[in-house]
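Dear colleague,

I am handing over the structure below, and my notes on it follow. Please read them beside the coordinates.

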Amino acid sequence: MENASRQIAAAARAFLGGTVAGKRVIGLVGTGNNGGDAAGALRHLLNWGARVSAEITGPEDRMRETTRRQLTRILLTATAETAIVHDASLEGVRDLAADLLIDGLIGYSARGVPRTPIAALIDAANASHLPILAVDLPSGIDPDSGAAPGTAIRAATTVTLALPKAGLLATRAREYVGDLVLADIAIPHAAFERIGIDTWRLFERGDLVRVEVE
């Protein structure tokens, strides 16, 4: 998660022109691991001079421990402008005026149509017309087929982790994925070799690799 978080933050900095100083970034933080990735990225961006806020989809007692830890770490270096809103879905996202949104609502293991309150947050993010950076895959997209059975995040950039998910390469997913970037999160080559995938030279020119989709 730490590796993923830093890569997401680095991709966000690149998207914002190479610096985040003074920029406002809002993380839409789910209660699972994708939410932890987004929260960790906010911490790095805060350290680099950004103004950050986290809008969390549920109460703290439903959150995975790893995600809770990432949010706690934000508070260690928080400024007066840092806001963490637990269960933001009860009243909707308060203010989507930002330079970038980070979508960490739904992770790889989720299937089916996003339900309220997450569906409402997806719709609010899309309606804001702000650029969105999706963590691993846009929330609402099926990772295997690329289908969007219900509402789904329309990202400007998707930072997918370790290897591209098959659904991200599907034609039907293009309007949701935006630019696709593959991030190295330090999974050993040997782990991929066991399932017949050669990754030895995948990141030799950098640890964030743009994926060209035909």
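In helix 3, the residues Thr 67, Gln 70, Leu 71 and Ile 74 are buried (under 20% relative accessible area, where exposed is over 50% and partly exposed lies in between, with a 1.4 Å probe and protein chains only). Seen down the helix axis, these buried residues fall within an arc of 95°, so they line one face of helix 3, the arc being that of the directions from the helix axis to the C-beta atoms. Leu 75 and Leu 76, on the other side of helix 3, are exposed.

This is a predicted model, in which local features need pLDDT of at least 70 and side-chain atom pairs count only at pLDDT 80 or more, while totals for chains, interfaces and linings use all residues. Residues are numbered from 1 along each chain as its sequence is written, and side-chain values use heavy atoms, with hydrogens and water left out.

Asp 142 sits in the loop between strand 5 (132-135) and strand 6 (157-161) (helices are DSSP runs of H or I with at least four residues, strands runs of E with at least two, numbered from the N terminus). The side chain of Asp 142 reaches the backbone nitrogen of Asp 144 at 2.9 Å. Leaving aside residues up to four places away in sequence, Asp 142 touches Arg 111, Leu 137, Ala 147 and Gly 167 (heavy atoms within 4.5 Å).

With 4 residues, helix 2 gives the most to the lining of the largest pocket (on a 1 Å grid over the protein atoms alone, an open set of points with protein on both sides within 12 Å along at least five of seven lines, lining residues having an atom within 4 Å of a point).

Best regards

How values were computed: A polar contact is a pair of N or O atoms within 3.5 Å; within protein, one must be able to donate a hydrogen and the other to accept it, and residues adjacent in sequence count only if both atoms are side-chain atoms.
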